[in-house]
Amino acid sequence: MGAPSDDAVVIQKGKTAGEPHVITVNCPDKTSLACDICHTILDFGLYITKGDISTDGKWCFIILWVVPNSPSVIRWSNLKNRISSVCPSCISFYVKQQPGQSTSSPVYLLKFFSLDRKGLLHDVTQVLCELELTIQRVKVTTTPDGRVLDLFFITDSLELLHSKSRQDKILEQLHAVLGDSCISCELQLASLEYQYRQGPPSFSPHIAEELFKCEIADKDIHSQALSSDIAKLKNANVIVDNSLSPVHTLFQIHCVDHKGLLYDVLRTLKDCNIQIAYGRFSPNSRGHHDLDLFIQQQDRKQIVDPEKKNVISSRLKVEMRHPLRVIIANRGPDTELLVANPVELSGKGRPRVFYDITFALKTLGICIFSAEIGRYSTVDREWEVYRFLLEENCKFQLSNNVARSQIVDRVRRTLMGW
């Protein structure tokens with residue numbers, strides 16, 4: 001199906017403003033390769049408009065059309081290197097095919113103390129994203145005298161944080177953003193006390209039920225007049241057909257478009273141990289996308305068990321109708337914004353969620369009193385949970401239900417790319 005190539009990843013940039021850039025991957029196949037590529041593309045702030053995936057189980061060909069989803073400068077050479085890093089090499093393919101061994105990157109602690117101001121947390125987050133640093137955990141607190149202590153536990157996608165030059169560049173760019181408000185800024189290897197498994201966040205049963213429910217309730221849709229797109233989410237449709245191929249099951253998916261849609265679908269199939277032989281992702285009219293996926297089980301056979309087909313269809317519908325959970329609740333006398341992001345079985349969550357939330361709050365002019373990221377497990381999956389205590393201000397009276405609905409609306413729309 002393919003031949004060795006000196007360039008497994010090719011990026012052809014659009015010739016005119018607004019024209020999509022085309023990413024082509026031609027390399028040996030591995031389980032969930034397309035999902036990992038989509039995760040990387042999302043991590044660079046790019047939106048996938050359409051795509052084609054084809055594989056014979058040994059070699060794959062993937063072509064994706066992408067457009068920038070944020071004003072950040074895209075480092076195309078870095079993107080190419082990152083995508084290449086998740087692709088199996090031709091040498092390893094022809095010598096011996098074996099599953100890739102994932103190694104954990106060392107976790108570093110970025111600690112800075114500064115005067116507080118609106119949008120500070122997002123400005124710092126934007127710098128970290130542009131430098132290809134992944135935020136694993138955050139602890140942000142504001143002192144009574146208007147200062148803020150931020151602890152970012154980060155890993156480096158470039159695997160260069162051990163070098164002084166990389167650390168100096170990070171601190172230099174952070175100082176440029178913080179300006180005179182910066183009191184101190186340090187970067188060091190996190191202590192052994194920091195591990196990936198921290199204690200889970202605690203919620204009341206009512207909050208947990210509201211945050212992790214599978215569907216957006218009708219009352220939530222009607223209460224968010226600004227989000228006509230929310231109602232469209234309930235129209236997601238999945239058709240399963242075994243008649244077109246003796247060895248493949250066709251899943252035809254039709255749903256409203258959102259940022260990360262292709263990744264959400266591929267992530268779900270990855271967690272179900274489903275392999276894609278051929279897939280086409282294309283837009284149609286009225287802001288919807290169609291996906292045609294010819295898939296197989298691990299044994300290279302159709303999915304004939306009706307129960308299994310129903311389980312996969314149901315999971316896909318949940319991910320298309322309710323991919324991220326956003327609510328506002330009371331935390332004692334304070335107002336708390338909570339966002340839940342589903343995590344792959346491999347341990348990865350959707351990238352840039354913290355970036356999008358802080359951007360939405362900055363746009364609304366809402367200050368953040370404190371922020372945390374933690375992991376939470378429900379019966380069937382693990383979640384990344386983002387918690388923000390919000391400060392009262394003159395524009396939004398946080399005790400007002402209409403104001404709360406507007407905040408939830410803006411955060412959700414930003415996360416969905418609407």
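**View 1. Strand 3 (residues 46–55) and strand 4 pair up in the antiparallel sense over nine bridges.** Helices (H or I, at least four residues) and strands (E, at least two) are DSSP runs, numbered from the N terminus, and two strands pair if DSSP finds at least two bridges between them. This is a predicted model, where local features need pLDDT of at least 70 and side-chain atom pairs count only at pLDDT 80 or more, while totals for chains, interfaces and linings use all residues. Residues are numbered from 1 along each chain as its sequence is written, and side-chain values use heavy atoms, with hydrogens and water left out. Look for Gly51, whose bridge partner in strand 4 is Leu64. Strands 3 and 4 make a hairpin with three residues between them, and Gly57 in the turn has a positive phi of about 95°.

**View 2. Strand 2 (residues 21–28) has bridges to strand 1 and to strand 4.** Strand 1 (residues 9–12) is joined to strand 2 by four bridges, and the two run antiparallel. Here you can pick out Val9 with its bridge partner Val25 in strand 2. Strand 2 also runs antiparallel to strand 4 (residues 59–68), with eight bridges joining them. How many residues of strand 2 are buried? Seven of its eight are, so strand 2 is mostly covered; buried means under 20% relative accessible area, exposed means over 50%, and partly exposed is in between (1.4 Å probe, protein chains only). Strand 4 is mostly covered too, with eight of its 10 residues buried.

**View 3. Eight strands form an open sheet in the order 8-5-7-6-15-16-14-13, with antiparallel pairing.** At the edges stand strand 8 (182–189) and strand 13 (325–331); each has a single partner strand, so one side of each is left without a neighbour in the sheet. On average, neighbouring strands here are turned by 25° against each other, direction ignored. Axes are lines fitted to C-alpha atoms, for helices over the stretch in contact, and angles run from 0 to 180 degrees between N-to-C directions. Within this view, strand 15 (residues 368–377) and strand 16 (residues 382–390) are antiparallel partners over nine bridges. Gly374, for instance, has Val385 in strand 16 as its bridge partner.

**View 4. Helix 4 (residues 120–130) lies across several strands, including strand 7.** The others are strand 5 (108–115), strand 6 (133–142), strand 15 and strand 16. Helix 4 runs at about 20° to strand 7.

**View 5. Phe152 and Phe354 form one of the nine aromatic pairs found in a search of the whole structure.** Rings of Phe, Tyr and Trp (its six-membered ring) pair if their centres lie within 6.5 Å; planes under 30 degrees apart count as stacked, over 60 as edge-to-face and the rest as tilted. The centres of Phe152 and Phe354 are 6.4 Å apart and their planes sit at 85°, so this pair is edge-to-face. Phe152 is in strand 7 (residues 147–156) and Phe354 is in helix 11 (residues 353–364), so the pair ties together parts that are 202 residues apart in sequence.

**View 6. Arg352 lies over the face of Tyr355, and Arg381 lies over the face of Trp383.** A charge sits over a ring if NZ of Lys or CZ of Arg is within 6 Å of the ring centre and within 35 degrees of the ring normal. Arg352 is at 5.0 Å from the ring centre of Tyr355. For Arg381 and the ring centre of Trp383, the distance is 5.0 Å.

**View 7. Gln296 lies in strand 12 and is buried, at 7% relative accessibility.** Which side chain does the side chain of Gln296 make a polar contact with? That partner is His248, at 3.4 Å. A polar contact is a pair of N or O atoms within 3.5 Å; within protein, one must be able to donate a hydrogen and the other to accept it, and residues adjacent in sequence count only if both atoms are side-chain atoms. Leaving aside neighbours within four places in sequence, Gln296 is in contact (heavy atoms within 4.5 Å) with Val247, His248, Ile274, Gln275 and Lys301.
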